[in-house]
Amino acid sequence: MANVTIENLTKIYPGEKGSPVKVVHGINLEIRDREFMVLVGPSGCGKSTTLRMIAGLEEISGGTVKIGGRMVNDVLPKDRDIAMVFQNYALYPHMTVYDNMAFGLKLRKIPGAEIKARVREASAMLGLDDYLDRKPKALSGGQRQRVAVGRAIVRKPAVFLFDEPLSNLDAKMRVSMRAEISKLHARLGATMIYVTHDQVEAMTMGSRICVMKDGHIMQVDEPLNLYNKPANMFVAGFIGSPPMNFFHGTIQESAGKLQFVEANQGESRISIVLDERLGTKAAPYLGRQIVFGIRPEDVRDAPTVSPSESARAIAVRVEVSEPMGAETFLYLGTGATSFIARVSPTTRLPPGQQIKVTLNLANAHLFDPASERIIG
Amino acid sequence: MAQGFLYPLNEWIGDDTDGDGEVSVAEAKWEGWKDVPELWRKVATRDGKIYGLPDAAQATVGVLFRTDLARNAGLDPNRPPRTWGEFYYWAMRLSDPGMPVPGRVYVAGQQGIALVPQGFAWLPWVQSAGGRPIVQVRVDPASGREYVFDQDAVSFVTPEGADLSGVRPEYRANFDSPEAVKATAWYHTLRWGRWMLDVESGEPVALDAAALAAGRVTVGGRPVTFRPEEVRSGVTRASMGSRDTDPLVLLGRGEVAMLTWFVTDLLNTGNSSGINPDLLAWFPYPASEPGMSPVVQVQRHYAAMAVNVADRPKAERDKIWKVLTGVTDKQAGDEATRRMVLAGLARFVSMNDLERLGFHDYIHTVPASLQETYRGIETGAVKRFTEPHQGFWQTMDGALNREVLSLVIAQTGEQFDYTAALKEVTHKANSGMMFARPRAELDKYRPVARIVFVVAGVALVAVVVMIIRSFFKHRGAVVSGMVNKPVLPWLLLLPALLLIGVWGYYPLVRGLVMAFQDFRVTGDSAFVGLDNFITLGLDKSFWASMGTTVYYVCVTTLLSFCSPIVLAIMLSEVPRGKILYRTLFFLPQVTSGLIIALLWKLMYDPRPNGVFNQIVTILNYLPGVEIGAQSWLQDPKMAMLCVVLPAAWAGAGIHSLIYLAALKSVPEDTYEACEMDGGGIWTKLRRITLPVLLPLIIINFVGTFIATFQNMGNIFLLTFGGPGESTMVAGMKIWIEAYNNLRFSIATSMAWVVGACLIGFTFLQIQFLKRVEFRRAKD
């Protein structure tokens with residue numbers, strides 16, 4: 001097993017009209033041994049490119065990749081002691097499941113008995129025992145992906161690389177495969193690097209998550225830290241579903257207390273009196289622009305509002321109500337701004353209904369609108 | 001005659017009343033018959049039926065030469081060579097590779113003789129060596145003994161006194177007799193013999209192997225040493241029929257001084273080759289040794305009446321008969337001669353004609369050497385032979401040309417084994433090509449043939465049944481639902497069935513019937529049982545052509561089947577300009593195959609200024625490369641490759657695009673997965689690309705194989721089976737048999753043998769294909 005160290009990793013593509021396009025901007029990342037690192041971000045953020053550079057499928061334009069302390073920039077993929085699972089499975093269509101898994105071992109001249117043992121072990125682990133003689137075409141998507149995983153497992157690599165392995169599966173299959181890969185990680189105890197654009201996968205699977213955007217790393221941290229302490233507006237908005245609500249406004253002083261006043265004019269604008277924690281953070285921004293962020297679950301609807309809070313209640317109108325079963329999402333509007341609240345499933349509010357909500361300021365965040373960084 | 005195209009003229013000439021197979025002068029009711037020489041009467045007659053009237057005028061073949069060039073070389077045109085030795089001396093004197101010739105296309109200076117590979121022009125050399133290329137064998141019915149007569153014999157009295165003129169002769173070709181070998185060796189000497197010019201005496205000296213090895217030769221008792229660069233090779237320009245080797249043009253330009261050709265009308269010859277006819281003269285083929293006779297060849301053309309013409313009313317037929325007698329009449333020729341004399345051109349008229357028509361005063365205008373020749377012909381000092389008039393001489397002429405003479409004359413001819421080739425060609429001549437195989441021989445093989453045929457037939461039918469059954473295996477499932485209305489499906493099938501039936505299977509069946517007949521284009525065709533197949537089975541050249549076909553298929557497969565795969569793989573890897581390359585590769589596809597073949601033929605020009613030879617010249621600038629000009633299509637070793645290349649070149653583009661499409665269906669990440677698994681480029685190719693392409697490759701392979709097996713278009717256009725038989729594939733042979741030799745029955749039997757082989761092979765391929773498809777279905 002091994003750690004993976006990425007230093008100043010850069011990728012530059014030759015652009016269409018001769019001007020080079022930089023897609024990875026000198027990122028640094030340390031992936032610890034036995035860690036499940038998830039690279040997540042919207043499409044085009046450079047996460048797949050980064051993974052492929054680690055794999056050796058893309059040339060490294062700058063910086064270094066070290067696997068187990070060994071610099072591998074000029075090492076062929078097959079010699080990097082890694083295995084990769086592709087989004088489209090990339091199985092060999094003319095080979096049986098068994099041969100697909102055994103192929104890499106055969107090429108490495110591993111003795112036949114050993115190959116057999118390893119393939120059996122992997123197929124048992126993945127529940128593929130009954131399908132070893134089939135061709136990939138006769139398998140379902142989930143089974144195919146399992147074969148692809150099996151092909152990686154039998155190699156016993158130091159590092160597993162996953163390139164959006166679940167995005168071609170249907171929702172249900174995705175959930176179960178998610179769990180299986182997590183279990184696999186626990187069982188194999190291998191270093192895994194997993195690329196996805198799905199923040200749920202990232203949250204549920206990763207030991208740590210690396211959020212990327214436009215070729216830069218936004219934040220690297222454990223899932224709950226990312227959720228609770230986003231470093232910037234991007235991470236705050238990307239991690240969590242529904243995303244964090246943002247209100248743009250200014251900090252004003254009123255009656256000796258700092259308060260956030262929404263930017264839009266008019267009667268319905270929200271003004272929030274900040275508590276002590278937020279107040280200290282917001283102090284330097286008095287009279288300046290600021291972004292107020294709060295997650296949907298911290299927006300409470302009327303029944304849960306305690307009398308002490310009712311003074312700070314905001315009057316809103318219910319635009320849409322989405323009962324999810326375990327919870328209900330309320331799409332709320334003040335007339336000028338819209339935001340989302342995550343409320344108890346028992347809440348039943350017809351669209352158009354005027355209600356009052358309060359905000360749990362203990363979990364609210366303030367962001368600098370220029371740098372988009374969190375304040376404090 | 002054999003095909004029944006001609007209408008017998010006995011209606012006007014008279015019938016064979018005594019049943020001896022000939023219409024004698026006494027039997028004839030037409031006056032003109034007695035004026036036709038006996039030999040020509042015999043030629044025109046078959047089984048008592050007369051099929052043609054010979055032209056009064058005859059064509060003579062001899063050695064045409066330029067008197068001015070002879071004089072320039074210090075030779076006396078009035079004393080032409082009488083022996084081969086003298087002829088060789090003339091030829092050497094008349095050869096000067098360095099001589100500037102105005103208007104020449106290719107720098108070769110002046111050469112002694114233009115050698116034409118045509119068989120008819122070679123026969124007199126054989127005859128001047130004492131050979132008899134064609135003889136007739138007549139068996140005395142009384143004694144059962146065989147007697148050999150000349151082909152031109154008109155009297156068949158045996159030394160024992162029996163007259164065998166009523167016996168049907170069996171003709172035999174003697175193209176491999178010692179005299180014929182000698183004549184061919186003579187061609188070889190003229191083309192390849194080494195000689196030099198002795199500086200001191202100014203005389204040419206022929207060099208034998210010993211002299212060449214020693215670098216020394218004795219001239220008039222005086223030893224002369226020479227350097228290799230002084231040695232000259234041959235006295236010949238080869239007239240192979242390619243561009244700028246037309247023999248009359250060469251003669252006209254002065255690139256050659258002599259030529260064996262039609263010599264009768266020097267005025268015409270002069271006009272057509274663009275030289276003053278007074279500068280032309282001719283002499284008979286010289287005798288091979290002193291004491292033997294010089295030779296001329298005479299040819300006569302016949303006028304005949306086609307059967308469909310004779311279908312008209314009697315009155316019209318009579319008119320046509322009038323025309324026939326008119327054009328062949330001696331008087332017509334005589335009138336033309338008279339006019340020539342009166343126009344002051346008596347010197348170009350045959351002395352015999354001048355004498356016969358009373359123009360004695362003009363005889364002295366005929367050059368002395370010609371007078372001597374005419375006198376010699378008259379007295380028999382110069383022997384006259386007719387061009388063979390039995391059997392398929394035209395075919396034979398072509399075969400001698402293609403398989404022997406051309407190969408001696410060609411660039412690559414010096415090492416050519418003409419003795420073996422003559423033997424081979426003679427065998428062919430006597431086993432069907434020129435003369436029918438003797439009946440007794442056919443009878444001998446008949447029982448074996450029956451057994452082979454039955455076995456082959458049963459095997460073929462079995463295979464066909466198996467193919468058909470393999471298609472109907474799943475019938476039950478398909479028919480359901482349509483059972484109630486069985487008419488509609490058949491109605492829908494009808495147009496296709498009719499078309500395929502009429503254009504596909506009807507000719508096939510007709511062909512099968514023809515294969516058992518002695519087919520005649522008009523008139524009745526007799527059934528001959530397995531004779532055609534026996535003839536085929538015994539025909540070595542047919543089996544050789546099957547071998548050539550397999551070779552052709554292999555070369556084609558290698559080039560036009562494998563190269564697109566390689567091309568496609570390369571095309572899929574090329575970093576930029578893909579569209580440009582694809583377009584370039586595809587372009588030949590929109591060009592007609594005919595044009596491509598002819599373009600390549602131009603580029604294969606064997607002369608040094610041909611396109612490919614120029615490329616070869618450029619290659620020679622590379623260090624370590626030393627290649628001479630190649631003769632491409634005329635080189636038996638290279639011809640097959642040269643024939644296959646144009647089609648391979650033209651087809652590679654489109655085929656590579658098909659493969660490219662298949663390659664595109666392999667996702668990039670499959671290759672990446674293979675790379676991660678430890679595969680290099682070779683593994684990727686072998687373990688991923690090829691398996692993915694395999695079904696397509698197999699389908700293409702079957703298609704290419706079957707198409708190639710039958711195809712002969714490019715061979716037809718480029719080499720016509722030659723040089724020799726080096727590109728004689730079965731398809732080409734069938735074509736030649738059918739349309740050159742008019743032996744449709746043999747051709748269809750050949751086609752059936754080829755077809756049977758193909759059906760067997762196709763069956764195997766279908767089995768194989770089905771397995772592949774099965775595998776694909778399980779994917």
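**Salt bridges, interface and strands**

Modeller: Arg227(B) and Glu230(B) join their side chains in a salt bridge, with N and O 3.6 Å apart; the term stands for a side-chain nitrogen of Lys or Arg within 4 Å of a carboxyl oxygen of Asp or Glu. Arg227(B) is partly exposed, at 48% relative accessibility, and Glu230(B) is partly exposed too, with a relative accessible area of 22%. (Buried is under 20% relative accessible area, exposed over 50%, and partly exposed in between, with a 1.4 Å probe and protein chains only.) Elsewhere, salt bridges with shared partners connect Lys11(A), Arg52(A), Glu58(A) and Glu672(B) in one network.

Two notes on reading these values. This is a predicted model, in which local features need pLDDT of at least 70 and side-chain atom pairs count only at pLDDT 80 or more, while totals for chains, interfaces and linings use all residues. Residues are numbered from 1 along each chain as its sequence is written, chains are lettered from A and ligands numbered from 1 in the order in which they are written, and side-chain values use heavy atoms, with hydrogens and water left out.

Over all chains the rule gives 36 salt bridges. Another of them pairs Lys182(B) with Glu289(B), at 2.8 Å from N to O. Lys182(B) belongs to helix H6 (residues 178–192) of chain B and Glu289(B) to the loop between strands S16 (280–283) and S17 (295–299) of chain B, so this pair ties together parts 107 residues apart in sequence. (Helices, H or I with at least four residues, and strands, E with at least two, are DSSP runs numbered from the N terminus.) Lys182(B) is partly exposed at 30%, as is Glu289(B) at 38%.

In chain A, Glu114(A) and Arg118(A) form a salt bridge with 3.0 Å between N and O. Both sit in helix H3 (residues 112–126) of chain A, four residues apart, which is about one turn of the helix. Glu114(A) is partly exposed, with 35% relative accessibility, whereas Arg118(A) is buried, with 14%.

Now the contact between the chains. It draws 19 residues from chain B and 26 from chain A, contact being heavy atoms within 4.5 Å. Interface size is often given as the accessible area lost when the parts come together. Here chain B and chain A bury about 2000 Å² between them, and carbon and sulfur atoms give 59% of that; the area is what the two parts lose on being put together, with a 1.4 Å probe, summed over both.

Two salt bridges cross the interface of chain B and chain A. Glu672(B) makes a salt bridge with Arg52(A), whose closest N and O atoms are 2.5 Å apart. On the side of chain B that touches chain A, helices H26 (668–676), H27 (681–710) and H30 (744–778) of chain B each supply at least two residues. H26(B) gives the most, with seven residues. Sorted by class, that side of chain B has six nonpolar, four polar and nine charged residues.

As for chain A as a whole, its secondary structure comprises nine helices and 20 strands. Of its 376 residues, 52% are buried. Among contacts in chain A with a separation of 6 or more, 65% are between residues 24 or more positions apart.

Strand S6 (residues 134–139) of chain B is mostly covered, with five of its six residues buried. S6(B) runs antiparallel to strand S8 (residues 170–173) of chain B, joined by four bridges; strands count as paired if DSSP finds at least two bridges between them. Ile134(B) has Ala173(B) in S8(B) as its bridge partner. S6(B) also pairs with strand S7 (residues 146–150) of chain B, antiparallel and over five bridges, where Val137(B) stands opposite Val148(B). The hairpin of S6(B) and S7(B) has six residues between the strands, and Gly144(B) there takes a positive phi near 80°.

A second hairpin is made by S11(B) and S12(B), with two residues between them, and Gly220(B) in its turn has a positive phi of about 55°. Strands S11 (residues 216–219) and S12 (residues 222–225) of chain B run antiparallel and are joined by four bridges. Val217(B) has Val224(B) as its bridge partner in S12(B).

Key:
Ala, Val, Leu, Ile, Met, Phe, Trp, Tyr, Cys and Pro count as nonpolar, Asp, Glu, Lys and Arg as charged, and the others, Gly among them, as polar.
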